[in-house]
Amino acid sequence: MAVAERNASSSVVIISRNCLFSLFLISTIFFSLSWFYVLRSTGTHHFVEAGSLTNSKPLTVIDNSRNNLQEEKELFQKKYDAKCSKDNELLLKVYMYDLNPEFHFGLLNWKPEGGSVWPDIRVKIPSYPGGLNLQHSIEYWLTLDLLASEVYDKREACSVIRVRNSSEADVIFVPFFSSLSYNRFSKRHPNEKKSQNKVLQEKLVKFLTSQEEWKRSGGKDHIVVAHHPNSLLDARLKLWPAMFILADFGRYPPNIANVEKDVIAPYKHVIKSYVNDASEFDSRPILLYFQGAIYRKDGGFVRQELFYLLKDEKDVHFTFGSVQKNGVTEASRGMHSSKFCLNIAGDTPSSNRLFDAIASHCVPVIISDDIELPYEDILDYSEFCIFVRTSDAVKEKFLINLVRSIKKEEWTRMRDRLKEIEQFVEFQYPSKKGDAVQMIWQAVARKIPSIRRNIHKSRRFSQTVTDKEKGLRSVSLPRNFW
């Protein structure tokens with residue numbers, strides 16, 4: 001019996017040793033294989049198949065010599081140039097009509113030379129009038145950027161490129177300085193039957209609707225800039241299929257302009273940017289700032305209500321002001337010294353005051369229930385703005401208590417975010433990466449899929465359309481979209 005037990009225990013020991021040996025052997029094999037594959041993967045970059053070198057340049061070892069640094073710079077420049085070329089599918093391709101100068105730079109008293117309808121921007125750029133004219137100068141900056149895309153091979157920013165063949169274009173740009181036309185030429189002189197602004201609108205409608213590009217899409221792929229609320233008052237009813245670039249939708253019925261088809265662009269701020277801003281929460285003595293027209297029509301009644309609610313608050317600046325005399329300088333100084341800046345609805349939902357506040361790093365307090373904001377599909381304004389409903393703002397002590405409740409830490413976070421996004425509302429020439437011009441073009445590019453879908457849908461029954469139905473397509477007023 002004892003012998004049998006010893007034999008059994010010996011067998012168990014032998015089996016255990018065999019199992020351990022087997023486990024060790026399997027582990028060794030897996031370990032060896034894993035190292036083999038690791039070494040193979042890390043060694044891939046060190047081997048080049050002979051066939052892959054066919055028709056290629058000799059490989060160069062990069063060192064720190066001046067020649068190789070120059071080669072690297074040239075290689076980088078080639079990549080940059082390729083990015084800005086019309087062959088880059090990521091670029092927005094725009095066909096721009098060569099309109100008569102009377103529609104654009106002729107309004108700036110520029111005279112064409114040598115038969116060209118465009119100024120030579122390499123020599124001199126016609127200047128835009130200052131003051132409040134500048135706040136609606138959007139079409140001026142967009143047109144300059146398109147012209148620059150043809151003239152300069154090396155641009156700091158390139159979201160867009162002008163193409164000469166309209167069939168290659170994503171959209172068609174209409175270079176009419178409509179806001180300037182309204183500001184300067186909307187009054188009819190005694191010897192005129194119509195104002196120059198109205199005449200230009202009629203000419204524009206006649207020209208556009210006769211173009212093959214317009215007929216091909218029904219105008220859906222055209223871009224028309226009408227940033228001033230009163231610009232294109234007559235033509236908008238006939239050019240409604242186009243994409244409008246606007247300040248807001250305050251004076252447009254929703255079947256003429258809406259957020260689905262159109263683009264909201266920022267105003268060009270009038271006050272000076274706060275360069276080298278080292279101010280902090282405690283160094284800005286004014287809590288809440290507003291300077292502007294107090295008595296307004298339409299939705300602007302709230303300005304008057306707020307004036308009476310806030311005028312006696314010791315650290316609130318709420319006064320009438322304009323751009324006359326030293327108005328802009330005073331506003332710049334006041335906004336740069338304020339923690340919060342009021343942006344209140346006036347005759348329209350939007351105003352330049354919001355963008356003046358952004359340029360001042362003064363946290364905007366927006367009281368405008370119907371306001372639409374630029375790039376809001378990609379930009380969260382609640383990160384750097386305070387929004388207050390009109391019905392709440394006119395309650396006694398509501399607004400001032402809300403603003404006082406925002407402490408230093410939260411204000412600083414919002415102010416820092418303002419500094420990060422202020423370039424998005426900056427208009428300049430030449431345009432720079434991430435500025436307002438580039439952001440507007442990118443906003444247009446995000447509308448392209450919707451434009452193409454609408455154009456394709458409009459062609460569904462093109463093969464069965466009768467002559468009578470073709471006539472209906474030229475009706476000037478749209479059907480209600482809603």
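Is Glu 280 buried, partly exposed or exposed? In this predicted model, Glu 280 is partly exposed, with a relative accessible area of 38%. Its salt-bridge partner is Arg 415, at 3.6 Å from N to O. The pair spans distant parts of the chain, 135 residues apart. Arg 415 belongs to helix 12 (residues 408–421). Glu 280 sits in the loop between strand 6 (263–264) and strand 7 (286–292). Arg 415 has a relative accessibility of 3%. It counts as buried because this value is under 20%.

Strand 7 and strand 8 are joined in the parallel sense by 5 bridges. Within this part of the sheet, Leu 288 stands opposite Val 316 of strand 8.

A further salt bridge involves Asp 315 and Arg 404, with an N to O distance of 2.9 Å. Asp 315 lies in the loop between helix 7 (301–310) and strand 8 (316–320), whereas Arg 404 is part of helix 11 (residues 398–404). The pair thus ties together parts that are 89 residues apart in sequence. Arg 404 is partly exposed, at 32% relative accessibility.

Side chains of opposite charge can pair when their charged atoms come close. Across the whole structure, the search finds 23 salt bridges. Among them is the contact between Glu 202 and Lys 194, at 2.8 Å from N to O. Glu 202 is partly exposed, with a relative accessible area of 38%. Lys 194 is likewise partly exposed, and its relative accessible area is 38%. Salt bridges also link Asp 98, Glu 150, Arg 162 and Arg 164 into a network.

Technical notes
Residues are numbered from 1 along each chain as its sequence is written. This is a predicted model: local features need pLDDT of at least 70, side-chain atom pairs count only at pLDDT 80 or more; totals for chains, interfaces and linings use all residues. Side-chain values use heavy atoms; hydrogens and water are left out. A salt bridge is a side-chain nitrogen of Lys or Arg within 4 Å of a carboxyl oxygen of Asp or Glu. Buried means under 20% relative accessible area, exposed over 50%, partly exposed in between (1.4 Å probe, protein chains only). Helices (H or I, at least four residues) and strands (E, at least two) are DSSP runs, numbered from the N terminus. Two strands pair if DSSP finds at least two bridges between them.
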